[in-house]
Amino acid sequence: MPASRTPARSGTRPARSLKPYAYGAAVAAAAVLLGFVSYTATKPDDSATGGRSADVSASPDAGVYPELEKLARRDAGDPLALGRADAPVVMVEYADFKCGYCGTFARDTEPALIRKYVEKGVLRIEWRNFPIFGEESESAARAAWAAGQQGRFWQFHKAAYADGAKEKGFGEQRLEELAAEAGVKDLARFTRDAAGEEARQAVARDQEEGYGLGATSTPSFVVNGRPIAGAQPASTFVAAIEAARKAVTTEPAGPKSAPTTPAPGRTAPGSSAPGTAGE
């Protein structure tokens with residue numbers, strides 16, 4: 001049965017038997033908030049004004065679940081992440097390349113967040129492949145991971161989410177075209193990596209993490225333990241990031257770590273060297 005869609009600017013996963021993710025009772029309880037409470041609290045409505053943004057409390061602790069903060073991996077060498085590993089705020093994003101609302105977020109909202117927060121060392125974005133729309137979703141996720149092995153994940157991300165890209169599908173030839181567009185130099189290695197067991201395991205790890213948290217749609221986010229569901233207006237993410245930043249301002253700052261991959265075509269925060277992405 002095809003995956004259903006909702007008016008909440010998110011893709012909805014097909015029904016399946018879920019394997020519990022081993023976080024323990026505290027996270028199991030918090031997972032309900034990502035799977036149910038966060039969805040109903042943050043979904044836009046169908047009002048004539050074009051929907052409303054989620055209500056994010058000014059209180060930095062409101063709606064925050066400490067166990068969900070542990071989802072941030074903070075691996076300085078993660079090619080599927082943007083921003084400093086020690087950034088005060090981490091936004092974990094669960095998304096699917098076939099999800100139209102994920103594309104809307106990637107094109108319309110994420111670039112501004114990168115400029116406003118990632119490039120200033122405030123925010124780190126950690127991508128999780130969460131393919132829920134079938135075989136092409138899985139293939140695109142593995143291809144994105146493979147592009148990341150050559151330092152071109154975010155360039156692939158941009159190409160795959162370009163306006164009209166989803167409609168062309170994600171067959172084998174199309175994925176190679178996207179890799180070439182992203183500047184992946186060794187396409188033979190890209191093809192091998194995408195088809196390999198390591199790619200399958202990496203995608204499965206992200207996927208099971210999302211399922212185990214009760215995520216039922218894409219895109220889904222966790223911002224320093226605060227769950228957000230759907231491609232919300234930019235104001236929703238700004239409010240969540242600002243609340244998270246406020247919550248950690250009184251904590252002593254640790255030593256700065258090396259920045260991860262900079263945004264495509266940009267210079268990494270704190271670095272004078274050009275970004276590796278190019279155009």
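Pro219 sits in the loop between E6 and E7, and in this predicted model the peptide bond that joins Thr218 to Pro219 is cis, with omega about -5 degrees. Most peptide bonds are trans, and most residues other than glycine have a negative phi. Among the contacts in the chain with a separation of 6 or more, 78% are between residues 24 or more positions apart.

**Backbone with a positive phi**

- Arg74, which lies in the loop between helix H2 (66–69) and strand E3 (81–82), has a phi near 50 degrees, a positive value in a residue other than glycine.
- Asn224 counts as buried, because its relative accessibility is 11% and buried means under 20%.

**Helix H3 and what covers it**

- Helix H3 covers residues 100–108, and its buried residues are Cys102, Gly103, Thr104, Phe105 and Ala106.
- The elements that cover these buried residues include strand E4 (89–95), the helices H4 (110–118), H6 (153–160) and H10 (234–248), and the strands E6 (217–218) and E7 (220–223).
- The axes of H3 and H4 come within 4 Å and cross at roughly 40 degrees, and therefore H3 and H4 are oblique to each other.
- On the H3 side this contact is made by Phe105, Ala106, Arg107 and Asp108, and on the H4 side by Glu110, Pro111 and Leu113; by class, the residues are 4 nonpolar, no polar and 3 charged.

**Helix H6 against helix H7**

- Two packed helices are described by the angle between their axes and the distance between the axes.
- For H6 and helix H7 (residues 172–181), the angle is about 120 degrees and the axes are 8 Å apart, which means that H6 is oblique to H7.
- H6 passes H7 in a right-handed crossing, with Phe156, Ala159 and Ala160 of H6 in contact with H7 through Leu175, Leu178, Ala179 and Glu181.
- By class, the residues in the contact of H6 with H7 are 6 nonpolar, no polar and 1 charged.
- Leu178, a residue of H7, is buried, with a relative accessible area of 0%.
- Not counting residues up to four places away in sequence, Leu178 touches Phe156, Ala159, Ala160 and Phe170.
- Leu178 and Ala160 are 18 residues apart in sequence, and their C-alpha atoms are 6.7 Å apart in space.

- In soluble globular proteins, nonpolar side chains tend to be buried together.
- The largest nonpolar core here has 60 residues, and those with the most contacts inside it are Met91, Phe97 and Phe156.
- Leaving aside neighbours within four places in sequence, Phe156 is in contact with Phe97, Phe190, Leu175 and Leu178, and with the alanines Ala140, Ala143, Ala144, Ala147, Ala179 and Ala182.
- Ser139 lies in helix H5 (residues 135–148) and counts as buried at 19% relative accessibility, because the cut-off for buried is under 20%.
- With neighbours within four places in sequence left aside, Ser139 is in contact with Phe170 and Leu175.

Note on methods: Residues numbered from 1 in each chain as written. Predicted model: local features only at pLDDT ≥ 70, side-chain atom pairs only at ≥ 80, totals over all residues. Heavy atoms only, no water. Buried < 20%, exposed > 50% of the residue type's maximum accessible area, 1.4 Å probe, protein only. Helix = DSSP H or I, 4+ residues; strand = E, 2+ residues; numbered from the N terminus. Contact = heavy atoms within 4.5 Å. Core = buried A, V, L, I, M, F, W, Y, C linked by side-chain atoms within 4.5 Å. Axes fitted to C-alpha atoms, helices over the stretch in contact; angles between N-to-C directions. Parallel < 35°, antiparallel > 145°, perpendicular 65-115°, else oblique. Left-handed = near helix turned anticlockwise from the far one by under 90°. Nonpolar A, V, L, I, M, F, W, Y, C, P; charged D, E, K, R; others polar.
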